[in-house]
Amino acid sequence: QQQRQLRQHQQQQHARVYSGTIKSFNEDRGWGFITCAEVEREYTCDTFLTKPEFEKSGCRKGDVVQFNLCLDTQGRPQAQHVRAGTRGELATRASSSHSCE
């Protein structure tokens, strides 16, 4: 029952679209972070950004992006389907989570 509820919650979270700003990206290490007030409120941390997601997005540090959220194996937020956003979206649509696969 508990696992079913967790899967349901994760599916609902996966559908949500978040807006944030690429805070950092380390080319040598192949990862960075997106800052998003809504994610920070819910998970008390920034959103992890992988190299493949960063490269597919075509965005750079400081750019506003939209993304979906998944949770890594330790329950931390990780960005998926990262794409360019606009400053207006960041202000009006800081609007879930799915297990990262």
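Is Lys-23 buried, partly exposed or exposed, and what is its relative accessibility? Lys-23 counts as partly exposed, at 45% relative accessibility. The points below concern a predicted model.

1. Lys-23 and Asp-46. A salt bridge joins Lys-23 to Asp-46, with the closest N and O atoms 2.6 Å apart. This pair links distant parts of the chain, since Lys-23 belongs to strand 1 and Asp-46 to the loop between helix 2 and strand 3, 23 residues apart. Asp-46 has a relative accessibility of 16% and therefore counts as buried, the cut-off for that class being under 20%.

2. Glu-42 and Arg-16. Glu-42 forms a salt bridge with Arg-16, and their closest N and O atoms are 3.9 Å apart. Glu-42 lies in helix 2, whereas Arg-16 is in the loop between helix 1 (2-15) and strand 1 (18-26), so the pair ties together parts that are 26 residues apart in sequence. The reader may note that the separation of 3.9 Å falls within the 4 Å limit applied to a salt bridge. Both residues are partly exposed: Glu-42 has a relative accessible area of 35%, and Arg-16 has a relative accessibility of 25%.

3. Arg-76 and Asp-72. Arg-76 forms a salt bridge with Asp-72, in which the closest N and O atoms are 3.0 Å apart. Arg-76 is partly exposed, with a relative accessible area of 44%.

4. Backbone of Thr-44. Thr-44 is not a glycine, yet its phi is positive, near 55°. Thr-44 is found in the loop between helix 2 (37-43) and strand 3 (47-50), the loop that also holds Asp-46. At 70% relative accessibility, Thr-44 counts as exposed, whereas Asp-46 counts as buried.

5. Backbone of His-81. A positive phi of about 55° is also found at His-81, again in a residue that is not a glycine. His-81 has its place in strand 5 (residues 77-84). With 44% relative accessibility, His-81 counts as partly exposed.

Definitions and conventions:
Residues are numbered from 1 along each chain as its sequence is written. This is a predicted model: local features need pLDDT of at least 70, side-chain atom pairs count only at pLDDT 80 or more; totals for chains, interfaces and linings use all residues. Side-chain values use heavy atoms; hydrogens and water are left out. Helices (H or I, at least four residues) and strands (E, at least two) are DSSP runs, numbered from the N terminus. Buried means under 20% relative accessible area, exposed over 50%, partly exposed in between (1.4 Å probe, protein chains only). A salt bridge is a side-chain nitrogen of Lys or Arg within 4 Å of a carboxyl oxygen of Asp or Glu.
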